[in-house]
Amino acid sequence: MRITDYSLLALSSLKYSRLRTYLTALGIAVGIAAVVLLTALGGGAQHYMMGQFSQFGANIISVAPGKTTTAGISGAILSNVRPLTIEDAESLHRLPNIITSVPAIQGNLPIERGNRTRWTSVLGINHEVPDTWAMEVGQGRFLPNEPAEQARNFVVIGDTIRRELFPYTKPLGEFLRIGGERYRVIGVMKKKGQVLGLDMDDIVYIPVYRALSLYNRDSLMEIDLRYTEGYDEAQIINNIKQRLIERHGSEDFTITSQDDIIGTLGSILGILTAVVAGLGSISLLVGGVGIFTIMSIAVNERIKEIGLLRALGASRRQVTLLFLFEAAVLSGLGGIFGMLSGFGIAWLLHYVIPALPINIQWDYVIMAEIIAIVTGMIAGLVPARRAAVMEPVDALRSE
Amino acid sequence: MIKLQDICRFFKVGDETVHALDKVTLDISRGDYISIMGASGSGKSTLLNMLGLLDMPNSGSYQFEGKELTTLSEEKRATFRRENVGFIFQSFHLIPRLTAAGNLELPLMLMGMAPKERHTKVKDALANIGLADRANHLPKQLSGGQQQRVAIARAMILKPPLLLADEPTGNLDTHSGNDVIKILEELNASGITLIVVTHDLELGERATRKIKMLDGKIIEDVTSEKPI
């Protein structure tokens with residue numbers, strides 16, 4: 001018998017009990033739609049988070065003061081944490097394969113220009129920021145390379161600051177008061193937009209030494225180091241650790257690598273997507289049970305017909321395949337319908353909530369489609385076998 | 001054409017063994033027109049099913065044109081049925097979802113014939129039974145007589161040499177019944193072996209060879225010299 005004829009006969013019986021077909025297919029459709037939609041959301045979240053993180057640049061290792069371990073005595077009484085200093089940053093810069101070293105401290109300060117004041121994030125850093133953090137200067141230039149203690153009062157501003165404080169005039173060469181001190185604007189950063197919900201353009205950059213004194217602190221918050229692409233990260237981290245232990249006498253700092261974070265984040269979000277796909281598959285399974293039920297009922301209703309087919313010369317194999325095809329067509333149709341509605345809902349969500357990251361995961365979609373058809377066929381197998389092993393005489397005689 | 005030798009078929013019903021066929025021996029020649037009559041439970045339907053290989057004997061031998069059939073596997077029996085036997089049932093057994101044409105197409109589909117070839121065959125067959133204009137009607141849109149004619153056309157579409165009819169007029173009024181008998185006898189006249197199981201004395205008497213059964217045994221086997 002031809003495959004097209006199997007499908008034709010399957011379709012004819014599915015069409016005959018239309019409502020039943022729709023409802024059964026709906027069971028599978030809900031499962032597929034759930035997988036499509038949930039993985040699209042999971043994948044979207046993953047895509048979004050990775051995108052956000054990699055905006056900070058690649059091959060970055062950061063060092064923060066303090067060790068994230070639990071000690072026996074409270075750190076407040078016996079603090080042996082040495083401050084992380086600008087000298088530490090300079091020393092780490094001299095390690096092999098370290099390209100840039102950015103000492104950083106961050107806080108909030110009022111910025112005044114004329115009668116306008118804006119509280120904003122003030123970052124104390126050095127001239128190597130554009131080479132480290134994947135940021136670019138839009139107008140003017142970034143902070144000059146000069147010895148930390150002798151750094152002049154220069155400021156580079158973000159795009160939001162430029163818009164707010166210099167709505168009508170060019171900012172370059174103008175003066176700002178930051179925490180009461182006078183700074184000259186020498187550059188404006190290119191618009192960066194939001195990263196993880198933070199406005200990256202609502203930031204001003206001043207020399208780190210100046211920032212330390214503005215905040216009245218002696219320790220940096222972080223040192224960001226960029227290493228040469230392709231070198232062994234573990235080895236570089238080890239070098240950094242050795243150097244700092246030499247300088248501090250003990251390991252009172254924490255090293256985290258950007259790639260570590262991105263990798264961990266990626267695998268967490270990947271697992272999340274897989275879990276969500278698993279949840280969707282549960283409804284697929286339920287759909288499979290529906291198909292099993294309907295196919296069992298169909299076999300019972302059509303015992304006479306099975307007898308007739310056998311009398312007409314249909315083999316057991318043909319009878320089995322007829323019912324299997326019916327189950328497969330049923331689940332396949334449900335699958336296609338589910339896929340389309342999944343796409344539809346995803347598109348609608350994207351349309352209604354544009355900020356929601358949605359990314360259709362084709363591998364999961366195709367896998368779900370295959371699982372749907374296989375589930376359908378497995379669910380159809382038992383009823384189909386039952387139909388095939390029936391004795392033709394008994395089948396014909398049944399009422 | 002057909003040689004049955006000591007065919008036995010029994011069923012276990014509870015503790016009792018019912019002999020539906022008890023050492024039946026029968027020779028059938030090509031072109032025969034046979035009626036099998038008898039009370040309910042006499043074994044006439046079992047004999048018909050046996051001849052059509054729908055049922056298998058517990059013992060005995062069944063030869064069809066010299067070939068032993070009792071040893072065939074189920075799949076081989078299916079092929080035999082398709083190629084050699086046409087069945088007609090009291091309740092027509094048309095598939096309700098398929099049109100008249102669709103029902104006629106079934107045996108052709110089962111053997112894997114190409115759609116184009118199928119369509120010409122079905123068209124011719126429908127024309128032969130005078131239902132060319134009902135090709136796209138569902139069984140429920142046809143009268144009983146029309147349904148049985150479709151069933152006959154379906155049984156004969158692959159031109160099997162043997163036609164088995166189990167109470168073919170049982171569900172029909174006299175008029176449509178006569179139509180059906182006319183078609184069956186025309187087929188027999190064209191050389192097809194026709195075996196009819198019936199309660200209807202009038203129908204039974206029309207056959208050239210009349211077999212009576214009782215309790216699984218053939219008790220009478222008369223061949224009339226002159227066909228009606």
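This is a predicted model: local features need pLDDT of at least 70, side-chain atom pairs count only at pLDDT 80 or more; totals for chains, interfaces and linings use all residues.

Biologist: What is the average pLDDT of chain A?

Modeller: Chain A averages 88, with 96% of its residues at 70 or above. pLDDT is the predictor's confidence in each residue, from 0 to 100. For chain B the mean is 92, and 98% of residues reach 70 or more. The model scores ipTM 0.92 and pTM 0.72.

Biologist: Where in chain A is confidence lowest?

Modeller: In strand E8 (residues 194-195), at a mean of 74. Strand E5 (residues 154-157) is highest, at 95. Helices (H or I, at least four residues) and strands (E, at least two) are DSSP runs, numbered from the N terminus.

Biologist: Switching topic. Which domains is chain A divided into?

Modeller: Domain 1 covers 3-52 + 264-397, and domain 2 covers 99-226. The bounds come from an automatic or database domain assignment. Their centres, taken over C-alpha atoms, are 58 Å apart.

Biologist: Now helices. At what angle do H10(A) and H11(A) pack?

Modeller: About 150 degrees, with axes 7 Å apart. Axes are lines fitted to C-alpha atoms, for helices over the stretch in contact, and angles run from 0 to 180 degrees between N-to-C directions. H10(A) and H11(A) are therefore roughly antiparallel (over 145 degrees). Their contact residues divide into 18 nonpolar, eight polar and four charged.

Biologist: And how do H8(A) and H11(A) cross?

Modeller: At roughly 25 degrees, with axes coming within 8 Å. That makes H8(A) roughly parallel to H11(A) (under 35 degrees).

Biologist: Which residues meet there?

Modeller: On H8(A), they include Leu284(A), Gly288(A) and Phe292(A). On H11(A), Ala372(A), Gly376(A) and Arg386(A) are among them. The contact has 14 nonpolar residues, six polar and one charged.

Biologist: Last one. How many residues of chain A are in contact with chain B?

Modeller: 19 residues of chain A, against 19 of chain B. In contact means that C-beta atoms, placed from the backbone, lie within 7 Å. H9(A) gives the most to the chain A side, with five residues. By class, that side has eight nonpolar, five polar and six charged residues. Ala, Val, Leu, Ile, Met, Phe, Trp, Tyr, Cys and Pro count as nonpolar, Asp, Glu, Lys and Arg as charged, and the others, Gly among them, as polar.

Note on methods
Residues are numbered from 1 along each chain as its sequence is written. Chains are lettered from A and ligands numbered from 1 in the order in which they are written. Angles under 35 degrees count as roughly parallel, over 145 as roughly antiparallel, 65 to 115 as roughly perpendicular and the rest as oblique. Two residues are in contact if their C-beta atoms, placed from the backbone, lie within 7 Å.
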